[in-house]
Amino acid sequence: MVINMTYDNTTPITAKRYDEKINDTLPYYQEFYNQTLDVVEQCGFGKIDWLDLGGGTGSLEEQAFQKFSDIHFVFADPSEKMIEQAREKLQDASVQYICAGSTSVHFTEQFDVVTAIQSHYYMQEEEHKEATECVYHALKMDGIYINFENVIPEDGEIKKFELLRWGKYQQRHGKTEEEEKAHNARCGVNYFPLTVNQHIQLLKDVGFQKVHVFWYSYMQMGIYGVK
Ligand SMILES: C[S@@+](CC[C@H](N)C(=O)[O-])C[C@H]1O[C@@H](n2cnc3c(N)ncnc32)[C@H](O)[C@@H]1O
């Protein structure tokens, strides 16, 4: 994992400016949260023990607290600056903070929900698998893992096409051509997206009984696995 010191976390945005800038980078970003909360609601847990990995600035927690009355969050992220932002946003809410990447977060059958929203593609394949094994271990039986990720098309031509399309989105949202090119040059260098099929296989290999892709747009997907 590479933490770029200019940016204080692995994304090309400083923690302080993350909330303001993320919508310019990720199409439908708010919808990732809407879909995640909707899936959790459908699960019908009463009290929810929830582990959020790579939680960033704590926006998911903020919205989850508005929707569900009885949640306890464990929030993990390897960036201290991101955690600072999350603490500021969440103030006195019921959250335990851990400053660590997902392969260092070890729990046993403690959580109903584990989420990793746009945070696991920073790991290369082996480390990514290890992180997913930690997730599986941390979940209670019948618990759910909800994961949003950047994904890469299998076909090289489609990959180029989709990177250009995503780049156009970023330019429409205020990025310069240089910023957009720099962002796309990070693919496979600073972050390591898998294909949809690799994601499905990864969750199955780790042991999830049921796996389902429930969202796809541009080069992002939402997938869940039930333990
Ligand atoms: C694009 S942000 C996503 C943050 C948040 N989940 C959201 O939805 O906005 C990526 C986050 O992943 C974190 N991250 C980077 N490497 C990680 C790792 N190995 N394990 C867990 N989180 C990681 C970064 O510190 C950053 O907060």
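User: Which residues have the most contacts inside the largest nonpolar core?

Analyst: In soluble globular proteins, nonpolar side chains tend to be buried together. In this predicted model, the largest nonpolar core has 43 residues, and Trp-50, Phe-68 and Trp-166 have the most contacts inside it. Helix α2 (residues 29-43) supplies the largest share of this core, with six residues. Apart from that core lies another one of 22 residues, including Leu-53, Ala-100, Ala-116 and Leu-203.

User: What does Trp-166 touch, not counting residues up to four places away in sequence?

Analyst: Here a contact means heavy atoms within 4.5 Å. Leaving out those sequence neighbours, Trp-166 touches several residues, among them Thr-25, Pro-27, Asn-150, His-183, Tyr-191 and Gln-220. Now look at the whole chain: of the contacts with a separation of 6 or more, 66% are between residues 24 or more positions apart.

User: How many helices and strands are there in the protein?

Analyst: You can find eight helices and seven strands. Along the principal axes, the C-alpha atoms fill a box of roughly 45 × 35 × 30 Å.

User: What radius of gyration would a compact globule with 227 residues have?

Analyst: A value near 17 Å is what the rule gives, and the protein has 17 Å, so the two agree.

User: And how should I read the surface?

Analyst: Start with burial: 52% of the 227 residues count as buried. The protein exposes about 10900 Å², and carbon and sulfur atoms supply 47% of that area. For charge, count 21 positive and 35 negative side chains; the centres of the two sets lie 4 Å apart.

Notes. Residues are numbered from 1 along each chain as its sequence is written. This is a predicted model: local features need pLDDT of at least 70, side-chain atom pairs count only at pLDDT 80 or more; totals for chains, interfaces and linings use all residues. Side-chain values use heavy atoms; hydrogens and water are left out. Helices (H or I, at least four residues) and strands (E, at least two) are DSSP runs, numbered from the N terminus. The radius of gyration is taken over C-alpha atoms; the globule rule is 2.2 Å times the number of residues to the power 0.38. Buried means under 20% relative accessible area, exposed over 50%, partly exposed in between (1.4 Å probe, protein chains only). Accessible areas come from the Shrake-Rupley method with a 1.4 Å probe; for residues, only the protein chains shown count as cover. Lys and Arg count as positive and Asp and Glu as negative; His and the chain ends are not counted. The place of a charge is taken as NZ of Lys, CZ of Arg, CG of Asp or CD of Glu. A nonpolar core is a set of buried Ala, Val, Leu, Ile, Met, Phe, Trp, Tyr and Cys residues joined through side-chain atoms within 4.5 Å.
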